[in-house]
Amino acid sequence: MPNMSQVKVTIPEQDPKVRAHNFEEVTLGYTKEMAMEEAARCLNCKNMPCVSGCPVNVRIPEFIAQIREGNFEGAYEIIHSTNGLPAVCGRVCPQERQCESKCVRGIKGEPVGIGRLERFAADTHMQEGKSEITRPQPNGHKVAVVGGGPSGLTCAGDLAQLGYAVTVFEAFHTAGGVLMYGIPEFRLPKTIVQKEIENLKALGVNIMTNMVIGKVLSIDELMADGYEAVFVGSGAGLPRFMGIEGEGLAGVCSANEYLTRINLMKGYKEGYDTPVLHSKAVAVVGGGNVAMDAARSALRMGAEHVYIIYRRGEEEMPARREEVHHAKQEGVEFLNLNNPVKLLGDENGRVRAAVVQRMELGEPDASGRRSPVPVEGSEYELAVDTVIMAIGTSPNPLIRTTTQGLEANKRGCLIVDEDNMTTKQGVYAGGDAVTGAATVILAMGAGKAAAKSIDAYIQGK
Amino acid sequence: MYRIVRKKVLNPTVTLMEVEAPFIAKKVQPGQFIIFRVDEFGERVPLTVADSDPEKGTITLIFQIVGASTMKLNALQEGESILDLVGPLGVATEIPEGAKRVCVIGGGVGCAIAYPQAKKCFADGLTVDVIAGFRNKDIVILEDEFRAHSHELIVCTDDGSYGQKGFVTNALQERIDAGIQYDCVIAIGPTPMMKFVCQVTKPYGIKTIVSLNPIMVDGTGMCGGCRVTVGGQVKYACVDGPDFDGHEVDFDELMRRSGIFREREADCRMMMQARQKEGE
């Protein structure tokens with residue numbers, strides 16, 4: 001008999017008051033008993049609606065059935081056959097908009113906790129799994145992957161499985177992309193990311209760090225060097241600023257800078273040299289997941305007040321519900337329907353306040369969300385000593401501007417065909433470099449599709 | 001890992017290191033920079049490349065010991081390695097086409113970055129004057145190198161203990177007053193020095209290129225920490241620069257933003273010195 005409870009088995013979490021002051025993981029994960037109990041809520045539908053909601057088509061009912069049976073390693077193997085980074089996806093995928101949104105159990109009550117179960121299977125494998133990674137037979141072909149983030153790593157893993165000699169060229173000193181520099185430790189422990197990367201290496205993927213393609217080597221040089229195809233997964237790393245007065249003041253930074261100092265450079269840890277602003281009152285501008293990450297990190301760095309300033313209402317927020325909920329629990333103060341119009345500095349050129357204007361919602365705009373309209377005369381001063389801009393990013397132009405024949409649209413996103421090939425023969429692209437800022441799992445889906453296309457392209461030559 | 005093949009102390013606070021970095025050595029042009037990370041705990045720190053030898057596969061770095069990271073770098077010896085070195089980053093310097101006579105100005109350790117500029121212009125057949133300024137005689141660097149790659153070299157010191165007494169701006173003004181016509185001035189040094197050189201050249205409409213060194217993390221346009229206002233527009237020094245038209249740069253904003261971690265820098269320096277003393 002399935003477990004007919006209308007709600008998910010509760011997942012243990014660190015107490016909000018405690019976790020707001022540490023960088024340890026917020027959600028602690030299911031025990032074996034909890035996982036088996038939650039797995040029993042799956043009805044094992046024949047038409048598997050959940051699978052259609054997954055960008056990498058994880059065979060969800062099959063792996064859940066294995067958990068229900070207590071065969072955790074079997075569950076892991078099913079997930080891993082289509083998803084190279086299960087421990088990551090189980091934590092950061094927006095399941096409520098993907099697999100879980102299609103779950104039949106969600107019609108009346110909560111859907112099955114697919115994400116939590118995926119995480120459980122991956123974590124259990126990391127702790128107890130015995131399966132050795134075997135290197136596939138080499139097929140004699142070389143492929144280059146530019147960028148070691150979610151799309152690049154997925155593409156590299158899938159091609160390595162097929163026997164390709166894959167080299168990933170990573171600009172930073174460590175691979176992982178946004179998983180390392182962007183998403184904080186308390187949401188995605190870095191040891192987990194590194195373990196997934198170690199698995200790729202064991203599969204034969206060669207990772208070269210400190211290689212900024214477009215500068216140290218061009219794509220044409222890579223192809224001249226015998227790489228038969230190139231996958232570009234260089235991400236959307238360029239931060240946007242608002243263009244308001246006072247953005248040049250000291251104490252104003254992008255979420256990318258703030259999070260990179262903390263996550264990649266471990267500036268929050270004793271013994272690491274990278275400085276991080278220690279602020280008393282922080283305003284984070286934006287309403288996405290990155291804004292939540294920055295705000296929650298600022299709390300953990302010891303700020304007394306952390307404000308989210310978002311120009312629309314909570315309904316319109318692009319951040320995951322869970323992230324907003326967690327942020328509120330921890331004490332982040334939400335100033336929705338507010339928008340900074342100017343930043344004020346002190347005599348030393350350091351930001352001391354934001355001039356904020358109230359907004360109200362008008363007609364829906366192109367995105368379908370109700371557009372914010374300023375309320376005249378509603379400006380007020382909010383005392384802050386740090387302002388973090390988290391209002392989006394755009395693709396990095398380094399590759400596009402140094403590679404002839406690579407076309408981009410007016411937003412700077414690389415143009416690809418239905419096989420993920422760019423306008424340059426043999427050069428494929430995917431992830432945020434193509435879509436603009438999106439999610440980890442969509443980037444992984446694109447890397448996966450590109451790997452398939454690259455295989456067909458090389459085998460068809 | 002990037003092995004140090006040669007280390008030379010140029011003065012008590014400035015060190016030269018020649019480092020194995022074959023990929024970078026092949027590509028780097030004057031004006032471009034690298035980012036180093038000494039060890040697992042280190043910061044990512046930008047340094048403009050002073051010289052390169054593509055055949056040997058090495059690049060030369062000249063740095064001033066100012067904070068924890070440069071102290072750590074300076075503690076490494078020949079044969080030891082730097083953990084991470086990435087580059088070449090930024091855009092190579094572009095001397096205006098048709099320029100015949102240029103003045104290359106270096107201030108202090110900025111001379112290390114001015115040197116490859118002088119060398120390149122000299123090799124390209126331009127008439128090159130170099131003005132190299134230092135606080136005093138004890139910290140003069142690269143004098144022989146400059147002499148070998150310029151038509152005229154003026155060394156000045158703030159206190160007059162060596163060469164001409166005064167600032168680089170005085171020397172430049174004198175030469176302009178004497179009727180020397182420069183097609184381009186390249187000024188590299190502390191931000192205030194670059195600001196004042198630009199003030200000297202602006203009335204004469206002499207194109208002035210400066211090399212900025214703002215706060216930076218990734219060096220690929222990702223963090224926005226290095227943003228500077230140039231001609232009223234926001235530019236990223238790491239991908240749009242580090243060279244800019246000096247007459248367009250908002251130097252005051254740059255100086256304010258650069259100071260944000262200064263207290264912390266001083267703390268680190270004291271801590272490292274204390275640690276070194278303990279070790280002695």
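This report describes interfaces, helices and salt bridges in a predicted model.

## Interface between chain A and chain B

The contact between the chains involves 43 residues of chain A and 39 residues of chain B. Together the two chains bury about 3,400 Å², and carbon and sulfur atoms account for 58% of this area. On the side of chain A, the residues that lose the most area to chain B are A:Asn210, A:Lys215 and A:Asp273, which together make up 20% of what that side buries.

Two salt bridges cross the interface of chain A and chain B. A:Asp273 forms a salt bridge with B:Lys72, in which the closest N and O atoms are 2.7 Å apart. Between chain A and chain B there are also 16 residue pairs in polar contact, counted with both residues at pLDDT 80 or more. Strand E5 (238–239), strand E6 (252–254) and helix H12 (255–262) of chain A are the elements that give two or more residues to the side touching chain B. The largest share, four residues, is that of H12(A). By residue class, this side of chain A comprises 21 nonpolar, 14 polar and eight charged residues.

One residue of chain B with contacts in chain A is B:Ile260, located in the loop between helix H7 (251–258) and helix H8 (262–279) of chain B. Leaving aside residues up to four places away in sequence, B:Ile260 touches A:Ala250, A:Gly251, A:Leu277, A:Arg350 and B:Ile215. B:Ile215 is 45 residues from B:Ile260 in sequence, with a C-alpha to C-alpha separation of 9.0 Å.

Helix H12 of chain A is largely enclosed by the rest of the structure, because eight of its eight residues are buried. These residues are A:Ala255, A:Asn256, A:Glu257, A:Tyr258, A:Leu259, A:Thr260, A:Arg261 and A:Ile262. Their cover includes helix H9 (178–181), E5, E6, helix H13 (289–300), strand E14 (386–389) and strand E15 (393–394) of chain A.

In helix H5 (residues 72–80) of chain A, the buried residues are A:Phe72, A:Gly74, A:Ala75, A:Tyr76, A:Ile78 and A:Ile79. They pack against four helices of chain A, namely helix H2 (32–39), helix H4 (60–69), helix H6 (86–92) and helix H7 (114–128). The N-terminal end of H5(A) is capped by A:Asn71, a side-chain oxygen of which lies 3.0 Å from the backbone nitrogen of A:Gly74.

## Domains of chain B

Chain B is divided into domain 1 (2–89) and domain 2 (101–211). The centres of these domains, taken over C-alpha atoms, are separated by 24 Å. In the interface, 14 residues of domain 1 are in contact with 13 residues of domain 2. The area buried between domain 1 and domain 2 of chain B is about 1,100 Å², with 63% coming from carbon and sulfur atoms.

Two residue pairs in polar contact, both at pLDDT 80 or more, are found across this domain interface. On the side of domain 1 that touches domain 2, strand E1 (2–11) and strand E6 (58–64) of chain B are the elements giving two or more residues. E6(B) provides the largest share, three residues. The residues of this side of domain 1 are eight nonpolar, five polar and one charged.

One salt bridge spans the two domains. Its partners are B:Asp51 and B:Lys119, whose closest N and O atoms are 2.9 Å apart. The pair joins distant parts of the chain: B:Lys119 belongs to helix H3 (residues 111–123) and B:Asp51 to strand E5 (residues 51–53) of chain B, 68 residues apart. B:Lys119 is partly exposed, with a relative accessible area of 29%, and B:Asp51 is likewise partly exposed at 23%.

## Further salt bridges

Over all chains, the whole structure contains 38 salt bridges. In chain B, the side chains of B:Arg101 and B:Asp129 meet in one of 2.9 Å, N to O. This pair links strand E9 (residues 101–107), which holds B:Arg101, with strand E10 (residues 127–134), which holds B:Asp129, across 28 residues of sequence. B:Arg101 is partly exposed, with a relative accessible area of 24%, whereas B:Asp129 has 0% relative accessibility and therefore counts as buried.

In chain A, A:Arg119 and A:Asp123 form a salt bridge at 3.3 Å, N to O. The two residues are separated by about one helical turn because they lie four residues apart in helix H7 of chain A. Both A:Arg119 and A:Asp123 are buried. A network of salt bridges links A:Glu13, A:Arg19, A:Arg187, A:Asp293, A:Arg296, A:Arg300, A:Glu323 and A:Glu330.

Notes: Residues are numbered from 1 along each chain as its sequence is written. Chains are lettered from A and ligands numbered from 1 in the order in which they are written. This is a predicted model: local features need pLDDT of at least 70, side-chain atom pairs count only at pLDDT 80 or more; totals for chains, interfaces and linings use all residues. Side-chain values use heavy atoms; hydrogens and water are left out. Domain bounds come from an automatic or database domain assignment. Contact means heavy atoms within 4.5 Å. Buried area is the accessible area (1.4 Å probe) that two parts lose on being put together, summed over both. A salt bridge is a side-chain nitrogen of Lys or Arg within 4 Å of a carboxyl oxygen of Asp or Glu. A polar contact is a pair of N or O atoms within 3.5 Å; within protein, one must be able to donate a hydrogen and the other to accept it, and residues adjacent in sequence count only if both atoms are side-chain atoms. Ala, Val, Leu, Ile, Met, Phe, Trp, Tyr, Cys and Pro count as nonpolar, Asp, Glu, Lys and Arg as charged, and the others, Gly among them, as polar. Buried means under 20% relative accessible area, exposed over 50%, partly exposed in between (1.4 Å probe, protein chains only).
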